[in-house]
Amino acid sequence: MENVLRPLIVVGGSVVLTLLLGWAVDRLLQRTDRRHHETPLWGLLRRCRLPFQFVLCAALLRGSYDQAKITKEHSAGVGQTLSLVLIGATAWLIVRIATAIVESSYARYATSHRDAARVRRVRTQVTLIQRIVIAVVGVVAISAMLLTFPAFKAAGASLLASAGILGIVAGVAAQSTLGNLFAGFQIAFGDMVRIGDTVVVDGEWGTIEEITLTFLAVRTWDDRRITMPVSYFTSKPFENWSRGGSQMSGTVFFHLDHSAPVPLMREKLHDILLDSAAWDGRDWSLAVTDSTPSTMEVRAVVTAKDADDIWTVRVAVREQLLRWLTEQHPYALPRINTATALIAPEDMATSVPDHMLMHNGRAPRTGRG
């Protein structure tokens with residue numbers, strides 16, 4: 001009977017104590033969050049309750065399982081399992097705490113700064129830092145788990161002796177991966193591109209949606225995702241429309257007849273922009289920029305606060321101006337001019353070259369007939 005009650009008392013007492021301490025810590029964080037509502041850290045730390053309870057329970061069981069009088073043949077296995085659970089739960093708790101600190105710091109920075117470009121830069125950097133912390137903690141936790149096995153302890157010396165050769169082989173084999181890894185650091189801390197930036201890559205227009213240590217995801221205007229290695233952005237040129245500010249200027253070109261009413265078009269453009277919520281009111285213009293024998297080129301310049309709004313303004317101006325010209329001034333639209341060919345007068349036949357007379361459908365003549 002004692003062999004059954006003792007393990008139940010040890011396990012049950014550890015679980016009850018874990019639940020009580022977890023509840024007490026959660027209540028303390030909740031009260032602190034209410035008092036300091038301007039700091040989101042305390043509310044975010046409440047997400048650590050579950051990993052904290054796992055760490056506490058595993059630590060209590062690991063320290064008291066000897067009191068359960070488990071047989072020696074099972075004692076080693078139980079201790080090994082509890083050690084693995086404790087290491088894994090500790091890594092989980094560290095990751096949750098680091099994530100809470102990073103998210104809290106970013107939230108406070110975002111609320112205290114109105115510069116959207118700077119906020120996006122900090123967001124990119126803290127995201128990369130968070131991923132680095134998770135990767136380092138994961139590697140350390142897995143290494144600690146493996147070292148709990150006697151076989152890996154014995155192999156540690158030989159692995160350490162061959163670390164130089166393995167490092168060279170791994171460096172050669174993972175050259176592209178390491179290149180992307182260092183490129184990720186360069187992008188994040190070199191402020192080349194940030195999450196939320198509008199870019200044009202390989203002719204595709206889109207927004208940076210995610211930046212990791214090895215790849216970068218671009219969300220296009222039609223909701224497609226283009227995944228590219230981060231080394232692409234450090235080795236090839238690309239357009240960053242959000243660099244140096246999100247305000248943009250856009251152009252709309254019209255190819256019209258020479259009789260198009262340019263002053264009236266300028267007034268109509270102003271009316272269209274006044275009715276457009278996407279126009280930021282900074283600037284606008286309309287001018288004739290080129291001319292050909294059959295048409296002239298009219299360019300409208302508009303402005304907006306970001307790339308999305310400039311697209312909206314451009315398509316609205318193009319659509320409404322073309323509809324207005326079609327309805328009010330159809331003669332201004334480009335057209336192909338045709339005319340009947342004229343025959344040269346009789347008195348000029350002698351002075352016109354023979355090949356031109358043949359071109360007009362007349363036989364060549366040498367003089368007046």
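Which residue's side chain meets that of Arg225 in a salt bridge? I began my notebook with this question and looked up the pair in the model, which is a predicted one.

**Entry 1: the salt bridge of Arg225**

I found that the partner of Arg225 is Glu209, with a distance of 2.8 Å from N to O. I then looked up where the two residues lie. Arg225 has a relative accessible area of 46% and is partly exposed. Glu209 is partly exposed as well, with a value of 33%.

**Entry 2: other salt bridges**

I noted that the structure holds 10 salt bridges. One of them joins the side chains of Asp222 and Arg224, at 2.9 Å from N to O. Asp222 is partly exposed at 34% relative accessibility, and Arg224 is partly exposed at 36%.

I next turned to Arg323, which forms a salt bridge with Glu319; their closest N and O atoms are 3.5 Å apart. Both residues are in helix α11, and because they are four residues apart there, about one helical turn separates them. Arg323 counts as partly exposed, at 40% relative accessibility. Glu319 is exposed, because its relative accessible area of 51% passes the cut-off of over 50%. I recorded one network too: salt bridges with shared partners join Glu209, Arg219, Asp223 and Arg225.

**Entry 3: the sheet of β6, β8 and β7**

In which order do the three strands of the open sheet stand? I read the order as β6-β8-β7, with antiparallel pairing. β6 (248-256) and β7 (279-291) are at the edges and have a single partner strand each, so one side of each lacks a neighbour in the sheet. On average, neighbouring strands of this sheet are turned by 20° against each other, direction ignored.

I then followed one pairing in detail. β6 and strand β8 (residues 296-304) run antiparallel and are joined by nine bridges. Within this pairing, I found Val252 opposite Ala300 in β8.

Two helices pack on the sheet. Helix α10 (residues 262-274) touches β6, β7 and β8, and its direction makes about 155° with that of β7. Helix α11 (residues 307-328) also touches β6, β7 and β8; its direction makes about 20° with that of β6.

Is Ala300 buried or exposed? I found that Ala300, in strand β8, is buried, with a relative accessible area of 0%. Leaving out residues up to four places away in sequence, I listed its contacts as Gly250, Thr251, Val252, Phe254, Leu269, Ser285 and Leu286. I also looked up a separation: Ala300 and Arg266 are 34 residues apart in sequence, and their C-alpha atoms are 8.6 Å apart in space.

Asp309 lies in helix α11. Asp309 is buried, because its relative accessible area is 17% and the cut-off for buried is under 20%. Residues up to four places away in sequence again being left out, Asp309 touches Ala278 and Ala304.

Which residues make the nonpolar surface patch of about 340 Å²? I identified them as Leu50, Phe54, Val85 and Trp92. Helices α3 (49-64) and α4 (72-112) each supply at least two residues of the patch. I looked at Phe54 separately: this residue is in helix α3, and at 40% relative accessibility Phe54 counts as partly exposed.

**Entry 4: the whole chain**

Finally, I looked up the totals. The chain has 12 helices and eight strands. Of its 369 residues, 31% are buried. Its accessible surface comes to about 22,800 Å², and 61% of this surface belongs to carbon and sulfur atoms.

Methods. Residues are numbered from 1 along each chain as its sequence is written. This is a predicted model: local features need pLDDT of at least 70, side-chain atom pairs count only at pLDDT 80 or more; totals for chains, interfaces and linings use all residues. Side-chain values use heavy atoms; hydrogens and water are left out. Patches are made of residues with over 30% relative accessible area and no salt bridge: like charges are joined within 9 Å, nonpolar side chains (Val, Leu, Ile, Met, Phe, Trp, Tyr) within 5 Å. Accessible areas come from the Shrake-Rupley method with a 1.4 Å probe; for residues, only the protein chains shown count as cover. A salt bridge is a side-chain nitrogen of Lys or Arg within 4 Å of a carboxyl oxygen of Asp or Glu. Buried means under 20% relative accessible area, exposed over 50%, partly exposed in between (1.4 Å probe, protein chains only). Two strands pair if DSSP finds at least two bridges between them. Axes are lines fitted to C-alpha atoms, for helices over the stretch in contact, and angles run from 0 to 180 degrees between N-to-C directions. Contact means heavy atoms within 4.5 Å.
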